[in-house]
Structures are given as C-alpha cells and as structure tokens.
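Here are my notes for a colleague who is opening this structure for the first time. Please read them with the model on screen.

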Amino acid sequence: LDEGPSLASVYGNLALLHAKTGDFVSMERCLEEGERLVPAVIGRRQEFFLKHIRGLCLMSRGRYSGARLALEEAIHLGRALGDRHVVAFDEVYLAEVLIYLGAYAEAHRELVRIGPSASGRPRSMALARQAWLEALIGRPRDVRRLVAQHEASETAQHVTSLEAWERVYLG
C-alpha cells in the first residue's frame, strides 16, 4: 500500500465503517490519519474524498453542524474538480442535514433545486428526503405526489443501505 491516495482512501473508508458501528473514537482517529496526508502527499481529489467522508461520519454521529460544514466544503472541492457524481450525493446529504438542523426552508430550496437536475440514485434520495420534509411541515398532498414520483423513478443499481434509508424517509 502506498503512502498517498490509496492510504487516504483506506483511512476514509475505515472511518465511515467505524462511524456506522458507533466507534467514534476510531472514526476520528482514522479521519485524522487520512487528513494528515492532505494536501501535500495526496492532493485535492483525496482531500475532497475525505471531506465527503467526514460529512457522512458526522451525520452518523449526529453532529449536524459539523456535517454541514464538511459537506459544503466537499461540494465546493468536488465542483472545482468536476466530480458531478459525488457532488450530487453530497447535495442530497446536505439537504438532509439542513432538515435535521431545522432549516426547513433552506432544505426545501435545495431539494427543489436538486430534484430536476438529479438522476438515478441521487434523484430517488432527493425525492425521499423531500417527501419526509413535506410530511414534517404538514403537506400531505405533496408527500403523496413525491412518493408517487419516487416509486416511478428508476435507479440503475440497487444499493440496499441507501434504499433502506429512502423507505424510512418515505414512511
């Protein structure tokens, strides 16, 4: 294993696994080790990946303000790098974080903006989060419309964990 991008990816993925299992001390240790390599050793692409991972880890930990900052930084870096794929996911995760922070109007603006331009999994994720938000603010007609749109949307690949969260948000 090299001392550069591969090692940063390993640290990032380990951090996310630790976050998902509730081992936040190990999560933070892995993030710090990966970020120690940035940017001199690994460059902007891995810095972007680690910001993305930090945002997801902080979401798992319930640290939504920190997740918001990390995801905003990841989106900024990802756009500069031209990575529309991961940016599309991070935009949905950012909208989710905004919901958890109670910034409903901002989350709604983001989800409405994301919806038409997204495709595949990010689109279905955005529809599920938007349906959840509409339920929270008491708009049952919009919830039904979004659930129907979600059911009609197609994704190229099944991802069990992401689909499970969509079902949670769809009620």
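Axes are lines fitted to C-alpha atoms, for helices over the stretch in contact, and angles run from 0 to 180 degrees between N-to-C directions. The model is predicted.

1. Confidence. The protein chain has a mean pLDDT of 90. Of its residues, 92% reach 70 or more. Confidence is highest in helix α4, residues 64-81, at a mean of 97. It is lowest in helix α9, residues 160-170, where the mean is 74.

2. Helices α2 and α3. Helix α2 covers residues 24-36. Its axis and that of α3 come within 11 Å and cross at roughly 165 degrees. Angles over 145 degrees count as roughly antiparallel, so α2 is roughly antiparallel to α3. The crossing of the two is left-handed. On the α2 side, the contact is made by Phe24, Met27, Glu28, Leu31, Gly34 and Glu35. From α3 come Leu50, Ile53, Arg54, Cys57, Ser60 and Arg61. By class, the contact of α2 with α3 has six nonpolar, two polar and four charged residues.

3. Helices α3 and α4. Helix α3 spans residues 44-61. How do α3 and α4 run relative to each other, roughly parallel or roughly antiparallel? Their axes cross at roughly 155 degrees and come within 8 Å. The pair is therefore roughly antiparallel. The crossing of α3 and α4 is left-handed. Among the α3 residues in this contact are Phe48, His52, Arg54, Gly55, Leu58 and Met59. The α4 residues they meet include Tyr64, Ala67, Leu71, Ala74, Leu77 and Leu81. In the contact of α3 with α4, eleven residues are nonpolar, four polar and six charged.

4. His52. This residue sits in helix α3. Is His52 buried or exposed? Its relative accessibility is 11%, so His52 counts as buried. The cut-off for buried is under 20%. Leaving aside neighbours within four places in sequence, His52 is in contact with Leu71, Ala74, Val86 and Asp90. Leu71 and Ala74 are also listed on the α4 side of the contact between α3 and α4.

5. Helices α5 and α6. Helix α5 is residues 84-100, and helix α6 is residues 104-117. They pack at an angle of about 160 degrees, with their axes 8 Å apart. That makes α5 roughly antiparallel to α6. The crossing is left-handed. From α5, the contact takes Glu91, Val92, Ala95, Leu98 and Ile99. From α6, it takes Tyr104, Glu106, Ala107, Glu110, Leu111, Arg113 and Ile114. The contact of α5 with α6 has eight nonpolar and four charged residues, and no polar ones.

6. Ile99. Ile99 belongs to helix α5. Its relative accessible area is 3%, so Ile99 is buried. Which residues does Ile99 touch, not counting residues up to four places away in sequence? They are Tyr104, Ala107, Leu111, Arg129, Trp132, Leu133 and Leu136. The C-alpha atoms of Ile99 and Leu58 are separated by 15 Å, and the two residues are 41 apart along the chain.

7. Arg167. Arg167 lies in helix α9, where mean confidence is lowest. Its relative accessible area is 53%, so Arg167 is exposed. The cut-off for exposed is over 50%. Between the C-alpha atoms of Arg167 and Ile114 there are 19 Å. Along the chain, these two residues are 53 apart.

Methods: Residues are numbered from 1 along each chain as its sequence is written. This is a predicted model: local features need pLDDT of at least 70, side-chain atom pairs count only at pLDDT 80 or more; totals for chains, interfaces and linings use all residues. Side-chain values use heavy atoms; hydrogens and water are left out. pLDDT is the predictor's confidence in each residue, from 0 to 100. Helices (H or I, at least four residues) and strands (E, at least two) are DSSP runs, numbered from the N terminus. Angles under 35 degrees count as roughly parallel, over 145 as roughly antiparallel, 65 to 115 as roughly perpendicular and the rest as oblique. A crossing is left-handed if the near helix is turned anticlockwise from the far one by less than a right angle, and right-handed if clockwise. Contact means heavy atoms within 4.5 Å. Ala, Val, Leu, Ile, Met, Phe, Trp, Tyr, Cys and Pro count as nonpolar, Asp, Glu, Lys and Arg as charged, and the others, Gly among them, as polar. Buried means under 20% relative accessible area, exposed over 50%, partly exposed in between (1.4 Å probe, protein chains only).
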